[in-house]
2 protein chains.
Amino acid sequence: MAKNFSALKAALSPEAQSKVTQKTEQMLQEMPLHELRQARGLSQKMMAEALHIQQPAVAKIEKRTDMYLSTLRSHIQAMGGELEIVARFPEGSVKIQNFSDL
Amino acid sequence: MAKNFSALKAALSPEAQSKVTQKTEQMLQEMPLHELRQARGLSQKMMAEALHIQQPAVAKIEKRTDMYLSTLRSHIQAMGGELEIVARFPEGSVKIQNFSDL
């Protein structure tokens, strides 16, 4: 899907491409873990099965405000995603690499 | 600086804006914590002072491949940045919100 989107975008005029980029940036949604899971069409039970843990453990993770990066990474991977750790500075953003091999 | 950049970019033709956006995306660098610190012109000693910890503790954090989100956040804040947790999916990226108030 990402590839199709890029191809579609590349075929547009520069003006239109610029508009698409702007829209895409605005669309970077912010949501808590449980909403993200629901948006992905997953139940806590399905997450528990994918992570080989019990359902209450999934509920507990979704309520936490702090956790190990490795826990968060496996949680996001169970939803079919990839965790990205970004340090945002006024001068630009940097991806943090230490945790790529968790 | 971010504001000046935005103003400069807004003054460009749509074609040029599109090129700038592309370049900016390519420039999202990936680096480990100690390189990011060096790029920010900071020493381990300065980090230790900002974090009210000992210098060996800073060295230890920079070598870790896993840690609590709160530890990473305070480390990045000591460099003048903000931690952003992103879940990347083929359909798009989502910022994770649970940890905004650490």
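Author: What follows is a conversation about the fold, the contact between the chains and some single residues.

Reader: What kind of model is this, and how are residues and chains labelled?

Author: This is a predicted model, in which local features need pLDDT of at least 70 and side-chain atom pairs count only at pLDDT 80 or more, while totals for chains, interfaces and linings use all residues. Residues are numbered from 1 along each chain as its sequence is written, chains are lettered from A and ligands numbered from 1 in the order in which they are written, and side-chain values use heavy atoms, with hydrogens and water left out.

Reader: OK, what is the secondary structure of chain A?

Author: Chain A has six helices and three strands, where helices (H or I, at least four residues) and strands (E, at least two) are DSSP runs numbered from the N terminus. Along the sequence the pattern reads α-α-β-α-α-α-α-β-β.

Reader: And how much of chain A counts as buried?

Author: Of its 102 residues, 36% count as buried; buried means under 20% relative accessible area, exposed over 50% and partly exposed in between, with a 1.4 Å probe and protein chains only.

Reader: How are the two chains related?

Author: Chain B is superposed on chain A by a rotation of 180° with 0.1 Å of shift along its axis, at an RMSD of 0.2 Å (least squares on the C-alpha atoms of residues with pLDDT of at least 70 in both). The two copies are thus related as by a two-fold rotation axis.

Reader: Which residue of chain B comes closest to that axis?

Author: That is Tyr68(B), whose C-alpha lies at 2.2 Å from the rotation axis.

Reader: Then how many residues are in contact, and what area do the chains bury?

Author: In chain B, 48 residues are in contact with 48 residues of chain A, contact meaning heavy atoms within 4.5 Å. Between them the chains bury about 4700 Å², 58% of it on carbon and sulfur atoms; this buried area is the accessible area (1.4 Å probe) that two parts lose on being put together, summed over both.

Reader: Which three residues of chain B supply more of its buried area than any other three?

Author: Those are Tyr68(B), Phe89(B) and Asn98(B), which supply 13% of the area that chain B buries against chain A.

Reader: How many salt bridges are there between the chains?

Author: The count is four, a salt bridge being a side-chain nitrogen of Lys or Arg within 4 Å of a carboxyl oxygen of Asp or Glu. One of the salt bridges joins the side chains of Arg88(B) and Glu84(A), at 2.3 Å from N to O.

Reader: Back to the rings, how many aromatic pairs are there?

Author: Rings of Phe, Tyr and Trp (its six-membered ring) pair if their centres lie within 6.5 Å, and planes under 30 degrees apart count as stacked, over 60 as edge-to-face and the rest as tilted. By this rule there is one aromatic pair over all chains.

Reader: Why does the pair of Tyr68(A) and Tyr68(B) count as it does?

Author: The ring centres of Tyr68(A) and Tyr68(B) are 4.2 Å apart and their planes lie at 35°, so the pair is tilted. The pair crosses between chains, each tyrosine sitting in the loop between helix 5 (55-63) and helix 6 (69-78) of its own chain. Tyr68(A), at 31% relative accessibility, counts as partly exposed.

Reader: Which residues of helix 5 of chain B are buried?

Author: Val58(B), Ala59(B), Ile61(B) and Glu62(B) are buried. They cover an arc of only 160° around the axis, which puts them on the same side of helix 5 of chain B; the arc is that of the directions from the helix axis to the C-beta atoms. On the other side of this helix, Pro56(B), Lys60(B) and Lys63(B) are exposed. The cover over the buried residues of helix 5 of chain B includes helix 3 (33-39), helix 4 and helix 6 of chain B.

Reader: Is Asn98(A) buried or exposed, and what does it touch in chain B?

Author: Asn98(A) is buried, with a relative accessible area of 12%, and lies in the segment after strand 3 (92-96) of chain A. Not counting residues up to four places away in sequence, Asn98(A) touches Met31(B), Pro32(B), Leu33(B), Glu62(B), Arg64(B) and Thr65(B).

Reader: Last one: what is the phi of His52(A), and where does it lie?

Author: Phi of His52(A) is near 55°, a positive value in a residue other than glycine. His52(A) lies in the loop between helix 4 (44-51) and helix 5 of chain A, and at 73% relative accessibility His52(A) counts as exposed.
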